[in-house]
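Here are a few notes to read with the structure open beside you. Take the points in any order you like.

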Amino acid sequence: MAINSIGGVSEPQNTQNINAAEETQSRSVTYTANGVTKTVEAGEDELQELQIEDEESNEEKIYNSKAEDCQKQLDQLYDQLKQLKLQLYTANQQIATCEDIASAESQIDSINQSINKVYDNINSLLLTMMSYESELEASTMDFVNSGGTSADASKFTFREGATEEGKNVVATAMKYDDKSASEMQSIMQGAGYKYHEGAWCADFATFALGQAYGGMDKIPGNFASTCPNTAYCPSIVEWANGNGSWTTDPNTLQPGDLVLFDWDGDGTSDHVGIFVSVNSDGTINTVEGNTSGAAGGSCVETKIRSPQTIKGYSRISGLS
């Protein structure tokens, strides 16, 4: 055999290796994406990319399906809330002409307890939707391991720079954690504060602020004398807007500020709590009166709240 050179005979090529390479480049691959079976020609790298895209697409489908189910449940809860609010309005209208005041007040309290349960169910669903979204993004939500809507107050940590006054408001409010409505009525009225049967969330916030600051007349912003109605959440919103303490940015808050909720998104505040801190997932830690918890459907409880339920905040700490 001649040496491989000009005019010489070359060694035969390794056709087996060439054929194997061609087979890898042009191999037909059948795979399924979103329920559709496809046949493609792909190398190993391209096949891996297709598989990754398939997994991501399926995860998104699962998330969308779960979110859709949650939204249907939310719509049902909003309808329930609307009906309960109508019942509450009717009961309050009738109380003026009712001979059995005790029975009417009991009915109002029962309706409010049902409303509180709906509030918590709405909050839980929104938190669940946040967790689904978080799973899609492969991150961890703090609230998943902290009890859902009710929270372990011992795990709350204040943000850096929190004022001593604000910490004192939170500590004062937390002293009454798990106290029932009847217990709080006795405590608050005994200290000279108002207590409205069945609707005492704002009364509790006022009580905690007053106790912490050394008297209702010492609450920053002349709250007692300048708020049109300290027991009515929309009045607190009006007051906060009027004195410049209103904000929708939780990053500007200090412990002891107020959180105003709008559960059905109608623009009217339904509930108020005391701000404690913000979690890394954007959820808000609060202490609230007239909410559901270990002591029943109307008590003081520490909570983890979805930001979607919040109308805004009053920066009490920024007022003199």
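Predicted model: local features only at pLDDT ≥ 70, side-chain atom pairs only at ≥ 80, totals over all residues.

1. Let's begin with a pair of strands. S3 and strand S8 (residues 310-314) are joined by two bridges and run antiparallel.

2. Six strands make up an open sheet in the order S3-S8-S4-S5-S6-S7, and the pairing is antiparallel. Which strands stand at the edges? They are strand S3 (246-247) and strand S7 (296-305). Each has a single partner strand, so one side of each has no neighbour in the sheet. As a reminder, strands of a sheet pair through backbone hydrogen bonds, in either a parallel or an antiparallel way.

3. H6 lies across strand S4 (258-261), strand S5 (271-278), strand S6 (284-293) and S7. The angle of H6 to S5 is about 50°.

4. Asn222 sits in the loop between helix H6 (201-213) and helix H7 (223-226). Its phi is near 50°, which is positive although the residue is not glycine. Is Asn222 buried, partly exposed or exposed? With a relative accessibility of 47%, Asn222 counts as partly exposed.

5. Asp178 is another residue to look at for its phi. Here the value is near 75°, again positive in a residue other than glycine. You will find Asp178 in the loop that links helix H4 (164-174) and helix H5 (181-190). Its relative accessible area is 36%, so Asp178 is partly exposed.

6. Next, the largest pocket. Rolling a probe the size of a water molecule over the atoms shows where empty space is left. The largest pocket holds about 750 Å³ of space. It is lined by 27 residues, and those closest to its centre are Leu88, Asn112, Ala199, Tyr232 and Asp270.

7. Where does the lining of the largest pocket come from? Helix H2 (44-94), helix H3 (101-136) and helix H8 (233-243) each supply at least two of its residues. H3 gives the most, with six residues. Sorted by class, the lining has 12 nonpolar, 10 polar and five charged residues.

Methods. Residues numbered from 1 in each chain as written. Heavy atoms only, no water. Helix = DSSP H or I, 4+ residues; strand = E, 2+ residues; numbered from the N terminus. Buried < 20%, exposed > 50% of the residue type's maximum accessible area, 1.4 Å probe, protein only. 1 Å grid on protein atoms, 1.4 Å probe; cavity = no way out; pocket = protein on both sides within 12 Å on 5 of 7 lines; lining within 4 Å. Points joined across faces, edges and corners; volume = space filled by probe spheres on them. Nonpolar A, V, L, I, M, F, W, Y, C, P; charged D, E, K, R; others polar. Pairing = 2+ DSSP bridges. Contact = heavy atoms within 4.5 Å. Axes fitted to C-alpha atoms, helices over the stretch in contact; angles between N-to-C directions.
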